[in-house]
Amino acid sequence: MPDLIDIENKGFGRAGLTAAWPICLGYFPIGLSLGVLAQKMGLAPWQMAAMSLFVFAGGSQFIAVAMLESGASSLAIVSTVFMINLRHLLMSSVLAVHLRGVSRRFLALFAYGITDESFAVNLTRFNQGGWDVRSALTLNHATNATWVISSVIGVYLGQLLPPGAVGVDYALTGMFICLLVFQLRGPIFIITALIAAFCSLLAYLWLPGNAYVIIASSLAATAGLALKRAKRKREGKP
Amino acid sequence: MSRTGFLILMLAMGVVTYLPRMFPLLMLSRRRLPGWFAEWLELVPAAILSALIAPTLFAQAAPRIFSLGKPELLAALPTLLCAFKTRSLAGTVVVGMLCYWALKQVM
């Protein structure tokens with residue numbers, strides 16, 4: 001019944017697109033400003049498109065563009081990008097739990113679209129239940145398309161939106177705050193989040209680069225787990 | 001930089017970005033995780049989200065210094081309240097954007 005399968009797929013696709021909108025809204029102005037920066041640094045539109053397609057990681061692309069301009073060596077650029085994106089190890093590990101029994105090909109395709117934002121939205125949906133992996137994949141690709149297109153538009157047309165139009169540069173922060181609230185499903189989650197915020201801030205202020213996310217979140221999750229286990233022991237449960 | 005050189009650099013950047021995204025998916029989605037690890041992973045998302053947000057709210061970017069009173073932080077209060085009360089992602093994002101925009105107008 002190819003028709004029926006097609007209709008089902010369309011449903012999952014639409015669900016993915018609907019869930020993607022806050023991310024796309026947030027990505028658009030960031031992609032534009034990346035394009036503007038890249039154009040100032042002498043990158044051609046095809047170069048911007050290639051970078052956004054191959055890399056698809058906002059923070060590291062900004063840094064890579066700046067490093068290209070300053071004449072940094074390719075090795076330095078690649079290792080910086082690697083360090084910045086190591087945090088996705090954690091996000092991918094968390095998502096793996098929800099992608100059991102999925103083919104390797106699908107996993108390979110899905111992995112490409114894991115960003116801070118798609119991770120946060122897909123995970124929330126998986127936790128709420130009934131979130132199909134096809135919807136999750138659609139969300140990844142919709143956000144990727146927005147990213148590639150907006151960064152290339154930035155190169156061609158410059159700052160299309162006035163900076164800060166109706167607070168659009170707060171879209172992703174607002175989204176993260178809300179998704180964090182959805183994660184706070186008990187006291188131990190709140191304590192873990194507070195420890196993470198504290199560690200992240202310290203690491204951000206004291207260490208250069210972007211290691212603060214992975215350092216703070218692994219420390220905080222470990223501390224949270226230790227507290228949870230200690231409490232269980234005190235209460236005499238196994 | 002030549003056209004080929006640039007493409008090779010992009011490819012290399014793509015590979016080092018892709019590997020941390022793919023490796024855990026392939027390794028972990030097919031095996032039973034030990035109990036402690038599954039419990040640890042359950043706490044990771046709250047930790048990641050909090051770690052991502054904290055510097056945006058409490059620190060200036062260049063130079064990196066601690067800061068209380070950024071519009072990002074002030075706008076976070078109604079945003080947080082809205083998230084707790086409505087549990088609506090769409091509503092919260094819009095409230096956050098409007099509060100931030102309004103604060104930027106006055107500050």
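Two residues are in contact if their C-beta atoms, placed from the backbone, lie within 7 Å. By this rule the contact between the chains takes 57 residues from chain B and 74 residues from chain A. This is a predicted model, in which local features need pLDDT of at least 70, side-chain atom pairs count only at pLDDT 80 or more, and totals for chains, interfaces and linings use all residues. Residues are numbered from 1 along each chain as its sequence is written, and chains are lettered from A in the order in which they are written.

On the side of chain B that touches chain A, α2(B) gives the largest share, 19 residues. Helices here are DSSP runs of H or I with at least four residues, and strands are runs of E with at least two, numbered from the N terminus. By class, this side of chain B has 44 nonpolar, 8 polar and 5 charged residues. Ala, Val, Leu, Ile, Met, Phe, Trp, Tyr, Cys and Pro count as nonpolar, Asp, Glu, Lys and Arg as charged, and the others, Gly among them, as polar.

Two backbone features of chain B lie in loops. A cis peptide bond, with omega about -5°, joins A62(B) and P63(B), and P63(B) is found between β1 and β2 of chain B. R87(B), in the loop between α3 and α4 of chain B, has a positive phi near 50° without being a glycine.

In chain A, F56(A) also has a positive phi, about 45°, and is not a glycine. F56(A) lies in the loop between α2 and α3 of chain A.
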